[in-house]
Amino acid sequence: MNRTRSHKPDDDLIIGGIEISRGDQLRVEIPITMLATQGALTMPVEVIAGDEHGPILVVTSTIHGDELNGIEVIRQLIPLLSPQSLSGTFIAIPIVNVPAFMTQSRYLPDRRDLNRSFPGSKSGSQASRIAHTVMEQVISQCTHLIDIHSASAHRSNAPQVRASLNKTAAAACAKAFGAPFIIHSAERDGSLRMAATNLGIPSIAYEAGDAGRFDRDAIDTGLIGVLGVMHHLDMISARDIHVKKIKRVKHEGSRTFESSKWIRATKGGLFRSHVTPGQDIEHEEFIGFIADAFGEGMTIIRSPLAGVVIGLTRNPVVGHGDALVHIAY
Ligand SMILES: [Zn+2]
């Protein structure tokens, strides 16, 4: 359910207890949890407050601790921005899930998924408290959200934006991002995207590449994508940013899909894939096969629908029912 929300002007921002003034560029360390050593663990946040008024865009990454492409997008983005060239405020949280990032795990040390823990609570689990802090200290003050993810471990994603396309402002941001694929996807319970959407904040998720590594295409597409959204929101002008320095990713515009479906293993064994992320696929097209370790007991896997491959498993060892290939259609 969408409820209307009166946006605070972006000169009333307080991030991590620090009042942000127009023209500021600063790093704020927000305490998020206490370590077993009783030291404080903080979440670093970059704030760039433009000289001119405008929207407050927050870009988040690494809610899953091993999804790293968004960190590199933010790392390359920050040097391109300055208060002088910005209308509104840009906030970046490159590592939302600091404890999981430190252990290079998708999940928190107690195996909780931070992206199922929003909006969180002050007195809940560690995940719930981190979610609550992020919402209270940052997200609730913003006007727009881009949350960057990669595929989970042993999977690859083609660069894609996920958004509720029945929500006009989010759909416009998804389009402005300009990734090769846009997939309509309702917000998932407990996700940051849902919690932000419930506050009336237009929110999109960008998914690209693999966990545990930097993927050049995913990063370039993400960088151009965030700048595209900022331009759409009139936060930057194309002239003011050094877009020319960025290796431009040429896409033939975004292709939009209404839904997506995982093709699952019809038996256990070793799966050999014959498709790649981003590839078009026909109905009944050969996707790969599952056989045992001797090449026997072979089953051919064909696509039950026509669409495009937006993700797939990289681990050939599959159990009955495991996700093999993700098709948008
Ligand atoms: Zn993720």
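Reading the terms in this predicted model

Biologist: What makes Glu207 count as buried?

Modeller: Glu207 has 12% relative accessibility, and buried means under 20% relative accessible area, exposed over 50% and partly exposed in between, with a 1.4 Å probe and protein chains only, so Glu207 counts as buried. The structure is a predicted model, in which local features need pLDDT of at least 70 and side-chain atom pairs count only at pLDDT 80 or more, while totals for chains, interfaces and linings use all residues. Residues are numbered from 1 along each chain as its sequence is written, and side-chain values use heavy atoms, with hydrogens and water left out.

Biologist: How do you know that the side chains of Glu207 and Arg162 meet in a salt bridge?

Modeller: A salt bridge is a side-chain nitrogen of Lys or Arg within 4 Å of a carboxyl oxygen of Asp or Glu, and for Glu207 and Arg162 the N to O value is 3.7 Å. Glu207 lies in strand β10 and Arg162 in strand β8 (residues 155–163), so the pair ties together parts that are 45 residues apart in sequence. Arg162 is buried as well, because its relative accessible area is 18%.

Biologist: What makes the arrangement around the zinc ion irregular?

Modeller: The zinc ion is coordinated by His64 (ND1), two OE atoms of Glu67 and His149 (ND1), at 2.0 to 2.5 Å, where donors are N, O and S atoms within 2.8 Å of the metal (3.2 Å for Na, K and Ca), and sites may look incomplete because water is not among the atoms. Four donors count as tetrahedral if all angles lie between 85 and 135 degrees; four count as square planar and six as octahedral if opposite donors are over 155 degrees apart and all others between 65 and 115; anything else is irregular. Here the four donor atoms subtend angles of 55 to 150 degrees, so the arrangement is irregular. Along the chain the donors follow the spacing H-x2-E-x81-H, and both His64 and Glu67 are buried.

Biologist: How do you know that helix α1 is mostly covered?

Modeller: Helices are DSSP runs of H or I with at least four residues, strands are runs of E with at least two, and both are numbered from the N terminus. Helix α1 spans residues 69–77, and seven of its nine residues are buried, namely Asn69, Gly70, Ile71, Glu72, Val73, Ile74 and Leu77. What covers these buried residues includes β5 (52–61), β7 (144–149) and α6 (216–232).

Biologist: Which residues touch the most other members of the largest nonpolar core?

Modeller: A nonpolar core is a set of buried Ala, Val, Leu, Ile, Met, Phe, Trp, Tyr and Cys residues joined through side-chain atoms within 4.5 Å. Of the 39 residues in the largest one, Ile15, Met43, Ile91, Leu114, Phe118 and Ile139 touch the most other members. A second, separate core of 34 residues includes Val59, Leu80, Met230 and Leu233.

Definitions and conventions
Contact = heavy atoms within 4.5 Å.
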